[in-house]
Amino acid sequence: MLRGTSTTLRILAHSARHVSPPFSTSAVVASTQPNAALDLDPTLKALLQDIDISLTSHKHVMAKRPLRELDTVAIEYPEEAEDVEDFVEDHSEQNEHRKSPAARFGSQKIGAVVLPTELQKSITALIDASDKVQLHSDATRLFFDESEGWDHSYDVKYRSRKQGARHSDRDGTAFASVVFPAHYSAISAVLHHVKHRLGSRWNVQRVIDWGSGAGSGLWASMNTFQKPNSASGEPRLSTSNIFTYLGIDKRDGLVAIGKRLLRNTDLGALSATWQRSFREDDIIKRTEGHDTLALSAFMLSTLQTPLARKKFAKELWESGAHTIVLIDHKTKAGFQNIAETREYLLEMGRKELNDPETAEWPVRGAHVVAPCPHDGSCPLYSGKSVSLVCGFSQRLQRPPFVRLTKHARDGHEDIEYSYVAIQRGPRPSTVGESISTQVGSVGRIGAVGREEAEHIRLKEERVTKELVLDADHIETRHEAEATNHIPAKTFPAENSEVVEAALRNEAFHWPRLVFPPLKKSGHIIIDACTSEAKIMRLTIPKSQGKQPFYDARKSSWGDIFPHPPKNRPQERFQSTREGGSRGDDIGKRAKGRDRPKGEKRYSKVEEALKERKRASRRDRVVQKEDFTLLTER
């Protein structure tokens with residue numbers, strides 16, 4: 001009944017919609033034909049046509065055909081900017097100049113290392129001549145550890161000479177495709193930093209490379225020390241300033257690979273030779289060693305005994321080279337080897353200074369160029385054990401052959417290393433020199449500091465104008481304005497040779513960031529190795545000034561920091577307790593390292609609670625059984 005009624009009502013409503021309204025007097029409404037044309041005023045009609053044209057053109061713009069992938073698009077550049085790349089470079093340079101010249105000098109780095117085209121072609125040709133599947137298996141066998149990943153250390157021992165001859169070529173190719181680029185990037189980073197610190201007076205022309213291997217030290221040093229007229233282009237071996245290279249290595253397989261990499265390369269005036277040991281006739285006179293570099297990269301870890309490492313350090317010292325650079329892996333063993341060799345070389349330099357027979361020598365003693373700002377004992381090395389490591393990191397842009405050999409997806413990798421650069425002669429002093437009369441003030445003001453000084457000047461000028469209330473003081477007001485336009489300090493030119501020489505001399509005493517800084521909202525905490533041979537905590541608050549705070553905020557691990565802290569720095573000590581061997585809050589370390597040993601985690605607490613519940617249940621069951629036995633008796 002209800003269903004039929006609702007159907008009837010719907011039919012009636014539908015029919016009512018199509019019935020014309022009875023009270024309508026309009027014929028247009030009652031008619032089923034289209035509306036008749038209206039007679040409009042000509043002026044209104046022209047206005048409506050203009051509006052219609054405007055709306056039509058607007059819709060046409062919005063409905064434009066989407067561009068295809070390879071369509072040519074005309075890009076309209078601003079009239080003032082002729083080149084977009086120049087605009088981007090100017091903008092980045094402007095941001096960089098917000099730092100003070102001293103901070104820029106202390107934070108200048110090489111950036112991500114890209115292998116030169118010559119080197120990539122040589123290694124690619126070497127790989128093309130080998131079996132790719134076998135190359136990957138050899139690289140995995142030599143350098144891959146399931147727990148630690150890829151390792152860049154190479155210390156292979158063969159059971160017999162026959163086996164060594166059979167595998168040396170394959171292992172050398174795997175070394176060149178996996179380890180060589182990493183070693184090259186670390187050596188390049190160290191040499192560029194030392195070259196930046198010493199300046200143009202350090203002109204290397206001869207290199208003696210202990211543990212030369214496949215030639216990573218050769219390629220890095222040749223590409224670092226280029227002739228002045230070729231510094232703008234890509235580095236090449238033919239344009240290098242080095243003309244003599246002596247490689248010392250007993251691993252014949254790696255040496256053979258190094259010679260093959262140089263086979264089709266233009267060496268220019270370079271004379272490269274290899275030997276199994278350093279001989280007496282290779283020693284250079286003290287007066288001729290200023291342009292000689294003694295280099296040893298990743299070799300100390302291959303020397304098993306302290307006596308062998310001590311003998312090796314003595315050989316480095318007696319070579320006659322004025323500059324000695326040692327590089328090793330950033331491991332506890334690698335850092336310990338670097339620290340021990342550093343101490344031994346400095347001790348031989350002290351003996352020369354105290355020996356009356358060497359009083360007439362042109363150069364005596366030794367000092368550390370980098371990374372240490374002092375010549376004392378290393379504060380992170382106690383002599384017995386190593387808990388914290390002084391090391392740094394360098395990024396490498398992986399070439400295609402590295403990604404293919406490792407089956408890696410990432411286009412980069414980070415190489416960690418420890419190093420020390422030692423030069424003969426005493427450490428440069430900032431006392432009694434004409435350049436250093438403004439120590440602590442030269443190069444400390446950048447764009448941020450100038451903006452702050454200008455803001456203070458305008459504020460003082462506004463206050464002065466407010467104080468001048470009477471017309472009789474017009475003359476005094478003009479004098480005050482003229483005086484305020486003169487800056488309180490006369491800042492030297494940022495790019496002048498005098499400022500650069502002063503900064504280079506002062507940088508021998510600036511603290512080095514041996515850990516990443518702790519950047520807070522109102523202050524920056526820096527754990528650095530200072531000239532007092534201590535690990536000191538420097539706190540740079542906002543109240544110290546905008547320029548020091550900005551420089552501290554933009555600082556990074558491995559920089560040397562020029563600004564002294566506002567407050568007295570705090571000395572940091574390594575813990576001697578059993579549970580705190582990693583150090584008492586020295587620097588910012590990897591996630592999980594800040595937790596002292598013995599501290600309970602939530603997972604361990606949860607397991608302990610579950611075990612306690614199970615034990616209580618067992619105790620209740622045992623008590624119930626004992627009670628039952630007692631009642632039965």
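## A buried ring

Tyr419 is buried, with a relative accessibility of 7%. Here buried means under 20% relative accessible area, exposed means over 50%, and partly exposed lies in between (1.4 Å probe, protein chains only). Tyr417 is buried too. Phe392 is also buried, at 6% relative accessible area.

The model is predicted, so local features need pLDDT of at least 70 and side-chain atom pairs count only at pLDDT 80 or more, while totals for chains, interfaces and linings use all residues. Residues are numbered from 1 along each chain as its sequence is written, and side-chain values use heavy atoms, with hydrogens and water left out.

## Aromatic pairs

The model has 8 aromatic pairs. Rings of Phe, Tyr and Trp (its six-membered ring) pair if their centres lie within 6.5 Å; planes under 30 degrees apart are stacked, over 60 edge-to-face, and the rest tilted. Phe392 and Tyr419 make a tilted pair, because their planes meet at 55°, with the ring centres 5.7 Å apart. This pair links distant parts of the chain. Phe392 sits in strand β9 (residues 392–397) and Tyr419 in strand β10 (residues 412–424), 27 residues apart. Strands (E, at least two residues) and helices (H or I, at least four) are DSSP runs, numbered from the N terminus.

Tyr419 also pairs with Tyr417. That pair is tilted, with 6.0 Å between centres and 45° between planes. Ring pairs join Phe392, Tyr417, Tyr419 and Trp557 into a cluster.

## Covered elements

Strand β8 (residues 366–370) has 5 of its 5 residues buried, so the rest of the structure largely encloses this strand. It runs antiparallel to β10, and 4 bridges join the two. Strands pair if DSSP finds at least two bridges between them. Val368 has Ile422 in β10 as its bridge partner.

Helix α9 (residues 216–224) is mostly covered, with 9 of its 9 residues buried. Among them are Trp219, Met222 and Asn223.

## Arg98 and its partners

Which residue forms a salt bridge with Arg98? The partner is Glu451, with the closest N and O atoms 3.2 Å apart. A salt bridge is a side-chain nitrogen of Lys or Arg within 4 Å of a carboxyl oxygen of Asp or Glu. Arg98 lies in the loop between α4 (84–96) and α5 (101–107), and Glu451 lies in helix α14 (residues 447–467), so the bridge ties together parts 353 residues apart in sequence. Both ends are partly exposed: Arg98 at 26% relative accessible area, Glu451 at 46%.

Arg98 also lies over the face of Tyr550, 5.5 Å from the ring centre. A charge sits over a ring if NZ of Lys or CZ of Arg is within 6 Å of the ring centre and within 35 degrees of the ring normal. Arg197 lies over the face of Phe508, at 5.1 Å from the ring centre.

## Salt bridges within helices

The model holds 22 salt bridges by this rule. Arg504 and Glu500 meet at 3.2 Å, N to O. Arg504 is buried at 15% relative accessible area, whereas Glu500 is partly exposed at 39%.

Within it, Glu347 and Arg350 meet at 2.9 Å, N to O. An α-helix has 3.6 residues a turn, so residues three or four places apart point the same way. Glu347 is partly exposed at 33% relative accessible area, and Arg350 is partly exposed at 28%.
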